[in-house]
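Dear colleague,

Please find the structure below for your records.

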Amino acid sequence: PGYAPEWHVGVRLEGSGKLMAFITAVPANIRVRSKLLPMVEINFLCVHKKLRSKRLAPVLIKEITRRVNLKGVWQAAYTAGAVLPRPVATTQYWHRSLNPRKLIDVGFSRLS
């Protein structure tokens, strides 16, 4: 609810139209102490394996930031699948897996 279609950014090949990279921003109202702040959650950044050395991820992050700023949102929460050296905050969230076998095969999820 409340999503903005322009906050779904994809990079496609010209000839085939194959999706090679994608990033999304999801609107969220986050409470910081007693104040409710309009923010976005930057999520689902993925780049095709062959393009990962081309520095496409920073370009996608800058573009999604630009598009979010155009809507007057200046705060964002970025998620990471890796442990960061000095996180500002941590939280727990859940995914609803649509294709668990594929996610396990590519290393996104695992069985414990």
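A residue is called buried when its relative accessible area is under 20%, exposed when over 50%, and partly exposed in between, using a 1.4 Å probe and protein chains only. Please note that this is a predicted model, in which local features need pLDDT of at least 70 and side-chain atom pairs count only at pLDDT 80 or more, while totals for chains, interfaces and linings use all residues. Residues are numbered from 1 along each chain as its sequence is written, and side-chain values use heavy atoms, with hydrogens and water left out.

The protein chain contains two helices and four strands, where helices (H or I, at least four residues) and strands (E, at least two) are DSSP runs numbered from the N terminus. Along the sequence, their order is β-β-β-α-β-α. Of the 112 residues in the protein chain, 16% are buried.

Three salt bridges were found in the whole structure; the term denotes a side-chain nitrogen of Lys or Arg within 4 Å of a carboxyl oxygen of Asp or Glu. One of them joins the side chains of E6 and K71, at 2.9 Å from N to O. Because E6 lies in the segment before β1 (8-12) and K71 in the loop between α1 (56-70) and β4, this pair ties together parts that are 65 residues apart in sequence. E6 is partly exposed at 31% relative accessible area, whereas K71 is exposed at 53%.

Helix α1 holds E63 and R66, three residues apart, about one turn of the helix, and their side chains form a salt bridge of 2.8 Å, N to O. E63 also meets R67 in a salt bridge, at 2.7 Å from N to O; these two residues lie four apart in helix α1, again about one turn. Through shared partners, E63, R66 and R67 are joined into one network. E63 is partly exposed, with 21% relative accessibility, as are R66 at 43% and R67 at 26%.

Which residues are the closest to the centre of the largest pocket? A pocket is an open set of points on a 1 Å grid over the protein atoms alone, where a 1.4 Å probe fits, with protein on both sides within 12 Å along at least five of seven lines; lining residues have an atom within 4 Å of a point. The largest pocket has a volume of about 2,200 Å³, the space filled by probe spheres set on the points. Of its 45 lining residues, N43, T79, A80, G81 and Y93 are the closest to the centre. Strand β3 gives the most to this lining, with seven residues.

Yours sincerely
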